[in-house]
Amino acid sequence: MAGLSMSHDLGGSYGEKVLLNGDVYVGKFDGLLPHGVGRYTWSDGIIYDGQWEQSKITGRGKICWPSGATYEGEFCGGFLHGSGTLFGVDGSVYKGLWRMNKQHGKGIKAYSNLDEYDGLWREGWQDGHGTYRWSNGDTYTGNWKAGKMHGKGVMKWANGDIFYGNWSDGLENGSGCYKYGDRSIYVGIWSKGLKDGHGTFFPPGSKLPSQLRYLESVLCDNKVPSLSHSLSYSAEEPVSKKPPKGRCRINRWRIPACFLKSKRISHRSSSLGVWSIDTGCSSLSENTSQTQCSSYDSQHVLVDTCVVAFDREYMQGVLITERISYFDFQRSQRNKRNWKMKKQSRGPGENIYRGHRSYYLMLNLQLGIRYTVGKITPVPMREVRSSDFGSRARIRMYFPCMGSQFTPPHNSVAFFWKDYCPMVFRNLREMFKIDAADYMMSICGGDGLKELSSPGKSGSIFYLSQDERFLIKTLRKYELKILLKMLPNYYVHVGAYDNTLITKFFGLHRLTIKGRKVRFVVMGNMFRTELRIHRRYDLKGSSIGRCTGMHKTNGITTLKDLDLSYVFHLEKSWRESLFRQISLDCKFLESQSIIDYSLLLGLHFRAPEHLKAYSESRNHPTENAAESQLHEEIRNLPKGLRLVAHEPSSVTSLPGSHIRGSTLRASAAGNKEVDLLLPGTGRLRVQLGVNMPAQANLKLLHNCLLDSAEIDPIEVYDVVLYFGIIDILQEYNMTKKIEHACKSLKYDPLLISAIEPKTYSKRFISFLKEVFPE
């Protein structure tokens, strides 16, 4: 070994070597290589004392850094690997398993601030099931991912509050049950740490349904129920400060210096942190609830067999509506109704599993799309020709179960497959920047599809890809013919207008299974967004039968014209651009003799500008400390929606069919292209129909909209809008559709001859101008 000077004869198995750089090894050798037990001292003061194997630090040993950090345990190939204990320079102690210098496996870490984590680790982060105990008495037990609470878990605060439910990235996200220190309970939905959606509040002293009584007893006993998703609390492991890169080697012997300072988890105060908005709103609503309950007690409404509860709806942590409801336990036993926290699905729709009625239909659809997309993608890109359109422009293939020369074997039933106008739809996918591989993975991936209930009366079945980028709708024969007929002009229209609001089509197919023909069209999902859609509306501009009823709503219910109780105020230039594009789209539909289409509108609500005034109007004359704290929290709420100059590299944008349109400009930003900046969410690109901020003003349209038992709604909201024109496969010259249009538009059915597509589009645009006034 060049560069070594010997102080002892190497004829024996024990000796000392001094390197030219000042490092020293004293211990056993195997020939010229350290092997056995030895002590190595680096010139910078790092000392290792333990076992060696062929010049590599392997076995049990102890290493000390000049900073005072010490590790004692197992090594492998120069890495901390196996079971061992690290004493950090800050006084923290980790005892558990290691892999390649990182905590990996079961381990316990006591932090210098007296916090403690006991559970599973992965690559140096808390990952898996574990319990974290804060020095102030807060405790979380549940699932973790990358150092944050993620999955199902139970959080118990020192003040007596308990939350059991789903967590994501350290925040409550999904379904959950929150038990307050005063024994009141709220069961509902959370989104990124805020109540967001429908839920039920049980005041203190309420008689609870059996399932909630069981859950309450479990929480009080500090037991964790069966966990499938995590609940969240703001706890995350900060990245440790990397130690100086002390080199420790004898020629090629190396061990990285590490963990001079240890990691710890920080968390926000349980009184103001994550819950600052929620607690305030909850306090306000709970005071109201208790006041209402007391009046009912005086009337002896609350009896042993019936409990008063409050159905609530929150949006971004703000209580929007509340109505009193009763739960009759005797009737519940007769009808075998169950009160339980519903399992929060990962999204809308029902997963199609083996044995599901649509299972083989899904498999065949995926096989066909995978085959035709794979066949057309290698074809060189070119402009479409007239021969690429029409019912004769198709790929037809038979898929036997055993496979063939052109098709793979499969586990479904044999079927015939027909793909219409493959070159046209290939170009449409390219036009909207949809990668062929991503398209196939989204629809044909291993996770399968989800089936949605039909939002309309057409009887069509809707399927949704697992990543929610694409919708697949079953068509009737006449709808397929309409699409084929209008496809040449549709292709020209969407090519000419990047910001068109008309439905995006990406594929048209037909399956034949045992003589049964099923037709499909693949469309872009306009609600594939970074933000949660709180309200969905299907708007036609009519009043006949266009009411759903607020009592039927949930997160994915599609409401209708008479359910819309808001008007929306957009920036003037945006409104002009919107109606300019709607007019162009309607003229195209007129040219194709299309009527009965709709505007699908999605709303994402933010904390309202006038929340402070709203809360003060509901305040009692006397104000206690809790109410003062509530008002202070309300005053600190973020105000409005902030627009900033567009920066493509900073935008967080999910892949979808909306990325083709141009970015909108705002006068408030000097007529520059703008992004929407939302605290805690990200930076979103503002386009026509996508991520459009607006102000929603309440406008009651009919008396049956709100129940008299509900609280007064807030009058003004900040919202983010998403919309597009749908249901464009309806021709006006069909008698039934004409009669329906006559009734919807309040025409006398005898005046059928007066109905024309132009009449419909004028009525449609006129109605939308009322929804989006100047």
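This is a predicted model: local features need pLDDT of at least 70, side-chain atom pairs count only at pLDDT 80 or more; totals for chains, interfaces and linings use all residues.
Q: Why is the contact between Glu451 and Arg357 called a salt bridge?
A: The closest N and O atoms of Glu451 and Arg357 are 2.5 Å apart. The cut-off is within 4 Å, so the pair qualifies as a salt bridge. The two residues belong to distant parts of the chain, 94 residues apart: Glu451 lies in strand β26, and Arg357 in the loop between β23 and α4.

Q: What makes Glu451 buried or exposed?
A: Glu451 has a relative accessible area of 9%. Buried means under 20%, and therefore Glu451 is buried.

Q: How do you know whether Arg357 is buried or exposed?
A: The relative accessibility of Arg357 is 67%. Exposed requires over 50%, so Arg357 counts as exposed.

Q: Why do Arg382 and Asp388 form a salt bridge under the rule?
A: Their closest N and O atoms are 2.9 Å apart; the limit is 4 Å, so the contact is a salt bridge.

Q: Why is Arg382 called partly exposed?
A: Its relative accessibility is 24%. This value falls between the 20% and 50% limits, and therefore Arg382 is partly exposed. Asp388, at 10%, is buried.

Q: What makes Arg575 and Glu774 a salt bridge?
A: The closest N and O atoms are 3.7 Å apart, which is within 4 Å, so the pair counts. Arg575 is in helix α8 and Glu774 in the segment after α12, 199 residues apart. Arg575 is buried at 13%, whereas Glu774 is exposed at 82%.

Conventions:
Residues are numbered from 1 along each chain as its sequence is written. Side-chain values use heavy atoms; hydrogens and water are left out. A salt bridge is a side-chain nitrogen of Lys or Arg within 4 Å of a carboxyl oxygen of Asp or Glu. Helices (H or I, at least four residues) and strands (E, at least two) are DSSP runs, numbered from the N terminus. Buried means under 20% relative accessible area, exposed over 50%, partly exposed in between (1.4 Å probe, protein chains only).
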